[in-house]
Amino acid sequence: MDAKLDPSRDDLPLMANTSHILVKHYVLDFNVDFESQVIEGNIVLFFEDRNRFKKQNSSTEETCQLESNESRKFRTPEPCIIPVTDARTFSSKMGYSDFAICSKSEKDTSDKDGNQDNREQASGISSSKYCCDTGNHGSGDFLLVLDCCDLSVLKVEEVDVAAVPGIEKFTRSAKFTVVSEKLRNQIVHELVTLAADRWREQLDYYARCSQAPGCGELFFDTNTWSLQIRKTGAPTATDFPHAIRIWYKTKPEGRSVTWTSDQSGRPCVYTMGSPINNRALFPCQEPPVAMSTWQATVRAAASFVVLMSGENSAKPAQLREGLLSWYYYVTMPMPASTFTIAVGCWTEVKPETCSSNDLATEGPFPPSEADFRYADVCGHMEYPCRFQNASATTQEIIPYRVFAPSCLSGACQETLLRLIPPCLSAAHSVLGTHPFSRLDVLIVPANFPSLGMASPHIIFLSQSALTGMSHLCGTRLCHEIAHAWFGLAIGARDWTEEWLSEGFATHLEDVIWAEAQKLAPHEAQEQQELRACLRWRRLQDEMQNSPEEMQVLRPSKEKTGYVSDSGASVIKHGLNPEKIFMQVHYLKGYFLLRFFAKRLGDETYFSFLRKFVHTFHGQLILSQDFLQMLLENIPEEKRLELSLENIFQDWLESSGIPKPLQRERQAGAECGLARRVSAEVTKWIRVNRRPRKRKRRASAEVFEKLFPDQLVLLLECLLEQKTLKPRTLQSLQRTYRLDSQDAEVRHRWCELIVKHKYTKAYKHVERFLQEDQAMGTYLYGELMVGEDRRQQQLARRCFELVKEQMDRTSAEVVAEMLF
């Protein structure tokens, strides 16, 4: 556990004062240095102060909370809880606990955190000297607060945008006579509010402005979680410079970036975006309300490939021998937390033949005229929107590329590459227009702590998805593709409502995967019922083995989405290491959406879902935005006393298993695929009870072939048996070739090995812990809890082999188990 984090105070602070000023665009320019494990360069931020922004966007502000069912007008979130925003309360010692409860100033100019490089020398200001207010109602200078952690900030300066040739077109004057702060801010205002159809020109001028000279250094200071900047004589956000340049470098230990080696032993770096998002990659505004665009120039040695969240498939430009430059941009405003970069010696895996055009164009949910009635009405801020583009709305398969370490290119060719076209086509069939214009898929290093992660234009997949049959790879790919709509194009305005992203993706992965396989309706239903059975078992286990306060999907209840006067807030349990390994938001969210789909019927439900996507794409939502619109679309005879209040109470604001779900599972009959598994379990129990020497060979059991999900259920049921004999386990392994199945099956097999101390198969556990780190954490605990010396030695030996490369949070959790 990081000594700077108090485990008893595990909420993540979002400190940026977004209620006063908003970043509208970032221009990043940096070098990636693998020798020093540092990313170094500068970032230029273009702002719009909220007073001006609110006046121009009063009816459709991007903070988008529904005001009423009838009008559907959006309003700014109401202020509440977090009281500490005055600059006088900041100190270099301050952690989250001070942020949440501090009521008086502290004077401390120490550099204990190592975050305050150049403070006195370069900036001329320390936290003890702050005597200003963060809003526009105080008596001192305006203080800009950015989210920042584990960065060395070297210099902050105002950018003289007025010095850019041709910039006069963004003013009312043909020639400048006097260049003032007001003029520069007017130029930035005109630039950030350019019409969407001028996006190329806008990006060009952003780039030109980012290269403009500085016109004065700004005072700055850092503490554990923030960078604070001020300009003498700028009392309000309106007076503060609207274009600033920050020179900085990351730290090798920064928690937003992972320096490691790929499966081929080559160095690489990628951003995880969790648990502290991107604040250790660049200073930014982390609250999701700060929707911005970005462009980035990244320089790296010629042997490396740079992948990033960008609308363009970047091609490298050679700067000099051995050095390449890569350029990416995004025109759809997104929270800074969605920015992703991966730099490594990746190999592009190309299809041998392209059969994308041969795919069927219609699925079980064909778009209707009613669906597209909303296509030309967008509620988001203006940007070049694909939902308004006729050709984009009919594009089933967006352009895609696959990258991997060279040693995994064959597995990608065999398993992953052929799955992408049908999964993209199926997602389009279910949800409509792809929100993003292209897709890169990267197989990330073995230390990646989950099976996948979706960001704009890029998906990270764990190598664990490539093993066994295509089932795990296909379902995980569908899950991440679903995030393009739910989690990215439509985001949660309060990150504690994680179910709005993960619950939707979990529910949709089954639907999209069934469509990708072109299953008949009864086959799709059987497959989905089996997966519901597995998730029900996982949810029960989660409820028994997790703290009650971590089981709530909406922990802030009526205060969800509220922020302080400055815009600062906290993410409940955001720093709790347990949260990373919990699935409650996935599972309870999944069962809630499944509950709605059953109540409405699939055709009505998915027609509504497409309507919801057309209404809310490009916006941030709270639970009530989805639920209110859903309730409006449920016929009165199907509501059966369903209301916003009882959904909140039963599903979102209570721990434990929701009562409607308990009733449904108790009343529901076992699906056919699960019944077959039950029959196979009975056979294996009989085999296990037999004596070693059988008198009649005729009584040998004949086992059915099982699908991967059936195998998972079989092994989970066998895990409930008190004793399984070694010969039974050996027969299990031979019958199903368990060591060559997908990672979900192999994980359960490893659990059986550990539980029954099946020493002949310990090599399978060792392999899993080294190659499937995204799923192996639980196994370390199982190896230790039995207090078997050989198993504990196995656990410690495996950890020693991988700990230097292991994800930091996972390594800390495992180390706590082992030592």
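1. Let's start with a pair of strands. S2 and strand S3 (residues 38-49) run antiparallel and pair over twelve bridges; two strands pair if DSSP finds at least two bridges between them. Within this pairing, Val-23 stands opposite Phe-47 in S3. Strands here are DSSP runs (E, at least two residues) and helices are runs of H or I with at least four residues, numbered from the N terminus.

2. A word on the model before going further. This is a predicted model, in which local features need pLDDT of at least 70 and side-chain atom pairs count only at pLDDT 80 or more, while totals for chains, interfaces and linings use all residues. Residues are numbered from 1 along each chain as its sequence is written, and side-chain values use heavy atoms, with hydrogens and water left out.

3. Now widen the view to the sheet around that pair. Eight strands form an open sheet with mixed pairing, in the order S8-S7-S11-S3-S2-S14-S17-S16. Strand S8 (214-217) and strand S16 (317-320) stand at the edges with a single partner strand each, so one side of each has no neighbour in the sheet. From one strand to the next, the twist averages 25 degrees; angles run from 0 to 180 degrees between N-to-C directions, and axes are lines fitted to C-alpha atoms, for helices over the stretch in contact.

4. Two helices lie across this sheet. Helix H4 (residues 181-192) lies across S2, S3, strand S7 (151-159), S8 and strand S11 (243-250), and runs at about 95 degrees to S3. H5 lies across S2, S3, S7, S11, strand S14 (291-301) and strand S17 (323-335), at about 120 degrees to S17. Contact means heavy atoms within 4.5 Å.

5. Where does His-25 sit? His-25 is found in strand S2 (residues 21-33). His-25 counts as buried because its relative accessibility is 0%; buried means under 20% relative accessible area, exposed over 50%, and partly exposed in between (1.4 Å probe, protein chains only). Leaving aside neighbours within four places in sequence, the residues in contact with His-25 include Val-44, Phe-46, Leu-203, Tyr-206 and Trp-294. The side chain of His-25 also makes a polar contact with the side chain of Gln-295, at 2.7 Å. A polar contact is a pair of N or O atoms within 3.5 Å; within protein, one must be able to donate a hydrogen and the other to accept it, and residues adjacent in sequence count only if both atoms are side-chain atoms.

6. How many salt bridges does the structure hold? There are 41 salt bridges, each being a side-chain nitrogen of Lys or Arg within 4 Å of a carboxyl oxygen of Asp or Glu. One of them joins the side chains of Lys-155 and Glu-157 (3.8 Å, N to O). Lys-155 counts as partly exposed at 27% relative accessibility, whereas Glu-157 is buried, with a relative accessible area of 9%. There is also a network of salt bridges linking Glu-158, Asp-160, Glu-181, Arg-184 and Lys-231.

7. Two further salt bridges involve helices. The side chains of Arg-208 and Asp-204 meet at 3.0 Å, N to O, in a salt bridge. Because they are four residues apart in helix H5 (residues 199-210), Arg-208 and Asp-204 are separated by about one helical turn. Arg-535 forms a salt bridge with Asp-510, with the closest N and O atoms 2.6 Å apart. Arg-535 lies in helix H12 (residues 521-544) and Asp-510 in helix H11 (residues 499-516), so this pair ties together parts that are 25 residues apart in sequence. Both Arg-535 and Asp-510 are buried.

8. There is another sheet to look at. Four strands form an open sheet in the order S12-S13-S18-S15, with antiparallel pairing. Its edge strands are strand S12 (257-261) and strand S15 (305-308), each pairing on one side only. Inside this sheet, two bridges join strand S13 (residues 267-271) to strand S18 (residues 341-344), and Tyr-270 stands opposite Ala-342 in S18.

9. Finally, the cysteines. A disulfide is a covalent bond between the sulfur atoms of two cysteines. With the cut-off for a pair of cysteine sulfur atoms set within 2.5 Å, the count comes to zero disulfides.
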